[in-house]
Amino acid sequence: MINSKAKPQAVVTDVQEEAIRSLYMESLHLVERLHRRLLDVIKDEFDRQGRDDVNAVQALLLFNIGTSELTAGELRSRGYYLGSNVSYNVKKLVVLGFVNHQRSRIDRRSVRISLTDKGQDIAETVARLYERHIGSIEKVGGIGTGEFAEMNKLLQRLDRFWNDSIAYRL
């Protein structure tokens, strides 16, 4: 005879696990889609201005560099660049005249990068786009400070979970 007391608990656990699975997978898809959509929004902004001298990934990279002077490795470690080919895009931006690069006097293997005036212009275009969004997101998008605070808190917790899963091999 089957123990009827144990079975309902297993069913509840399965239902809870399936609910978390479904919501977790939806969150993963949303995170991926939101990043792609942000790149689409940036591309659209440059298309509206008739600019095709930089792509959306490069424009976002330039915005994130801003007034800093960094190494390519710092771009990834600080989360300024989400792709796998950071060196390609940095080299391309140097060739196009958006980024200055200079070898470190202390460590000749390290290259420091910063924006040229041309690169700063791109970064400012992205900053103006974000400012327009900030001015209308609550009225048009219906997302206010409370929602952003909660969303940011949850995304930070997810980020911490993923970092821990790498560090502690969860």
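Which residues of the largest nonpolar core touch the most other members? In this predicted model, they are Ile42, Val54, Leu62 and Leu75, out of 24 residues in that core. Let's see where the core comes from: at least two residues each are supplied by α1 (6-48), α2 (56-65), α4 (86-95), β3 (111-115) and α5 (117-141). The largest share, six residues, belongs to α2.

Leaving aside residues up to four places away in sequence, Val54 touches Phe46, Ala59, Leu62, Leu93, Phe98 and Ile122.

Now to the packing of two helices. In general, such a pair is described by the angle between the axes and the distance between the axes. For α2 and α5 the angle is about 95°, and the axes lie 8 Å apart. Angles of 65 to 115 degrees count as roughly perpendicular, so α2 and α5 are roughly perpendicular to each other. The residues that make this contact are listed here by helix.

| Helix | Residues in the contact |
|---|---|
| α2 | Ala59, Leu60, Leu62, Phe63 |
| α5 | Gly119, Ile122, Ala123, Val126, Ala127, Tyr130 |

Sorted by class, the contact of α2 with α5 holds nine nonpolar residues and one polar residue, with no charged residues.

Finally, a backbone detail. Arg169 is not a glycine, yet its phi is positive, at about 50°. You will find Arg169 in the segment after α6 (145-167). Is Arg169 buried or exposed? Its relative accessibility is 77%, and because exposed means over 50%, Arg169 counts as exposed.

Key: Residues are numbered from 1 along each chain as its sequence is written. This is a predicted model: local features need pLDDT of at least 70, side-chain atom pairs count only at pLDDT 80 or more; totals for chains, interfaces and linings use all residues. Side-chain values use heavy atoms; hydrogens and water are left out. Helices (H or I, at least four residues) and strands (E, at least two) are DSSP runs, numbered from the N terminus. Buried means under 20% relative accessible area, exposed over 50%, partly exposed in between (1.4 Å probe, protein chains only). A nonpolar core is a set of buried Ala, Val, Leu, Ile, Met, Phe, Trp, Tyr and Cys residues joined through side-chain atoms within 4.5 Å. Contact means heavy atoms within 4.5 Å. Axes are lines fitted to C-alpha atoms, for helices over the stretch in contact, and angles run from 0 to 180 degrees between N-to-C directions. Angles under 35 degrees count as roughly parallel, over 145 as roughly antiparallel, 65 to 115 as roughly perpendicular and the rest as oblique. Ala, Val, Leu, Ile, Met, Phe, Trp, Tyr, Cys and Pro count as nonpolar, Asp, Glu, Lys and Arg as charged, and the others, Gly among them, as polar.
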